[in-house]
Amino acid sequence: MNSTFQGVTSQEYKYGFVTDIEADSVAPGLNEEVIRFISAKKGEPDWLLDFRLKAYRHWLTLAEPGWAKVQYPTPDFQKIVYYSAPRPKKAQFASMDEVDPELKRTFEKLGVPIHEQEALAGVAVDVVFDSVSVTTTYKEKLAAVGIIFCSFSEAVKTHPDLVKRYLGSVVPAADNFYAALNSAVFTDGSFVFIPKGVACPMDLSTYFRINNQESGQFERTLIVAEEGASVSYLEGCTAPRFDTNQLHAAVVELVALDHASIKYSTVQNWYAGDKDGKGGIFNFVTKRGLCKGRGSHISWTQVETGSAITWKYPSCVLLGDDSIGEFYSVALTNHKQQADTGTKMIHIGRNTKSTIISKGISAGDSSNSYRGLVKVQPKAEGARNFSQCDSMLIGHTCSANTFPTLDVQNRSARVEHEATTSKIGEEQLFYFQQRGIPAEEAISMIINGFCKDVFRELPMEFAVEATKLLSLKLEGSVG
Amino acid sequence: MLSIKNLTASINGTPVLKGIDLEIKAGEIHAIMGPNGSGKSTLGKVLVGHPSYEVTGGEVLFEGKNLFDLEPDVRARAGLFMGFQHPIEVPGVSNAAFLRLAYNKKAEAEGRDELDPLEFDDFIREKIKLVSMKEAFLDRSLNEGFSGGEKKRNEILQMAVLEPKLAILDELDSGLDIDALRVLGDAVNKLMRPDHALLVITHFPRILETIRPQFVHVLSGGRILKQGGPGLAIELEERGYDWVVEEAATGGHR
Ligand SMILES: Nc1ncnc2c1ncn2[C@@H]1O[C@H](COP(=O)(O)OP(=O)(O)O)[C@@H](O)[C@H]1O
Ligand SMILES: [Mg+2]
């Protein structure tokens, strides 16, 4: 049995290299001194240090959440390095020539268009390496239309008022265990501000890379679209392969004012650990968008393939009347990976709409859970939600679960939920093979078919990338 | 073209084929008949390399090559095709995309030009006429929600696209009404060429009125008990299978 599946050879994780680069790191461990160190390192204003310290003190009172269907040893927070920056210590480079050639080579290997001349693809890129944002391309071009796209640290310096106004306004520092931790120790990330009436002329993109073995990555992203503004933002992630686990605890906040639209797409390919479950990233991320204005629109699209553990629920708070929240997700788990991911749609305003399309693919011995909450508050007259949660199982040692929760407090709301579970069976694969189609191409065709409704939401190049990534991740593991 | 020698095979450790010998030459049409559970589908699936079956002995040569050295997809591209008794449904995969990929894989293997979606569209429009299929079926998911008869039409459409050297058709008539059976039977006949061969597996002799075999083999209990010409099919139609089994048990004496 299953020889067809196993015949397809296993593909090693191709981003697993480590860059030999001098890093400027703080000793492992977490206390107020470390937080003061990070804040001082970044030359932060007092209010931000206060924000961090409050978050830290609150975090000390919290326990790690235990409700997700994932099992892992609690990270030793005193063994993690909370700050690691490539040398030279300058966090931001005046021009590409100042960037360490070794670092440039790393990003070339990763295929990040870090050189402006190579960035003809039309994507502006911010790159976060361990704790620090190393370069932001296309900044001038964007600035010409009033768009701010820079590293978080830089925004704190250049636009402190904006950062202060919106930081923590969607995900409060006390929101949850990992959000509190992030609020205390976040090191960098991206800041995007699209002013009133401006449609961002190109996709913006951040590329996250964890390089240091002991470092955690705690980035903070804040995107604000003012009235009538729109932006499409892409996030990519990889990490080297280590046989220890690295912690990634990010916070992403989106704010959309009246008739603004933010589309946030992620292709997450952190290192997932080896096939026996050794190593890999613990990905505990809080992503939330606030549809603050009337007729605003926030759309999350995610393709989650990496990480040993994924704990992630990109959500929308639909505060403005007629606002729209969307969540499109493909989560793939293989080997010993565990994912507990989904979304929350909180309907507060009238005639708010949300759509949830979740596709879970589990293979190997992995566990893949969808967890969703659709909440319709009493004043959300005419709210509507449609949810579709499909699971696909490959082989018989993996598991898929869906935990949808509905909390409807307005009688005029309409909420629909559909769910299916299917299996890529041996019979399907064999059928393709009998028609001359090799197993690996059959798998990718079946998976693409399954994920179609999500992939069509991704920007073109990302969709191509995602398709390849899924096939790669499944090679040798099916059955 | 195909030479089967003393083939034995089992599923989940249970022997199903207990020594099959069969020779098929180019230009020939063979029929395998027999009662339910006699191993007809098993024979077909073993030949095309279904992973559930274990070949326990014997040898099969296809065009001089040892069939069991080849992966199922390689066998397919070499010209071996099986139209299944119960084609599986594949949600999300468009029928047209599937047909095109199958076509292009074969074209690639034979060093012919692959067809882009537009070229393939012209190509497939001709082919669907052969099986009287509506164009709408091309845009649907592969076999998903197809009726039994529509699935069979789709199987023959795939055969028309791939033009296999040897097509094994398993119970083509099941799920088909009489008109559809004639349409598909005619299509199969049109696809037959002097350098091709057919192996028609059927429980009911009805289909053999359209696709006319020169050789008829009766399979029962995993063995070929009797072989004959077209007349044997007619005899089976009239008398059923029991007498063949009895005759075999008594060594041909009654
Ligand atoms: N998965 C299976 N496990 C055990 N026995 C099976 C399985 N599939 C088929 N068989 C047995 O193999 C024999 C031959 O089946 P099959 O080749 O489908 O017969 P036919 O096509 O002639 O009706 C039958 O006795 C059937 O019960
Ligand atoms: Mg059968």
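When I call a residue buried today, I mean that its relative accessible area is under 20%. Keep that in mind, everyone, and keep in mind too that we are looking at a predicted model.

Let's start with chain A. Of its 479 residues, 62% are buried. Among contacts in chain A with a separation of 6 or more, 84% are between residues 24 or more positions apart. The accessible surface of chain A is about 17300 Å², and carbon and sulfur atoms account for 51% of that.

Now over to chain B, where I'd like to show you a sheet. Six strands make an open sheet here, in the order 6-9-10-3-11-12, with mixed pairing. At the edges sit strand 6 and strand 12, residues 223-228, each pairing on one side only. From one strand to the next, the twist averages 20 degrees.

Let's zoom in on strand 10 of chain B, residues 197-202.

Who are the neighbours? Strand 3 of chain B, residues 29-33, runs parallel to strand 10 and is joined to it by five bridges. In that pairing, B:I29 stands opposite B:L198, and B:A31 has B:V200 as its bridge partner. Strand 9 of chain B, residues 166-170, is also parallel to strand 10, again with five bridges, and there B:I168 stands opposite B:L199. Follow the chain from strand 9 through helix 7, residues 178-191, to strand 10, and you have traced a right-handed β-α-β unit.

Toward the other end of the sheet order, helix 9 of chain B, residues 242-249, lies across strand 11 and strand 12, at about 110 degrees to strand 12.

One last stop, the magnesium ion, ligand 2. Which residues coordinate this ion? They are B:S41, through OG, and B:Q85, through OE1, at 2.0 to 2.4 Å. The two are 44 residues apart: B:S41 is in helix 1 of chain B, while B:Q85 is in the loop between strand 6 and strand 7. B:S41 counts as buried because its relative accessibility is 18%, whereas B:Q85, at 24%, counts as partly exposed.

Note on methods. Residues are numbered from 1 along each chain as its sequence is written. Chains are lettered from A and ligands numbered from 1 in the order in which they are written. This is a predicted model: local features need pLDDT of at least 70, side-chain atom pairs count only at pLDDT 80 or more; totals for chains, interfaces and linings use all residues. Side-chain values use heavy atoms; hydrogens and water are left out. Two strands pair if DSSP finds at least two bridges between them. Helices (H or I, at least four residues) and strands (E, at least two) are DSSP runs, numbered from the N terminus. A crossover is right-handed if, with the strands pointing away from the viewer, the path from the first strand over the helix to the second runs clockwise. Buried means under 20% relative accessible area, exposed over 50%, partly exposed in between (1.4 Å probe, protein chains only). Contact means heavy atoms within 4.5 Å. Accessible areas come from the Shrake-Rupley method with a 1.4 Å probe; for residues, only the protein chains shown count as cover. Donors are N, O and S atoms within 2.8 Å of the metal (3.2 Å for Na, K and Ca); water is not among the atoms, so sites may look incomplete. Axes are lines fitted to C-alpha atoms, for helices over the stretch in contact, and angles run from 0 to 180 degrees between N-to-C directions.
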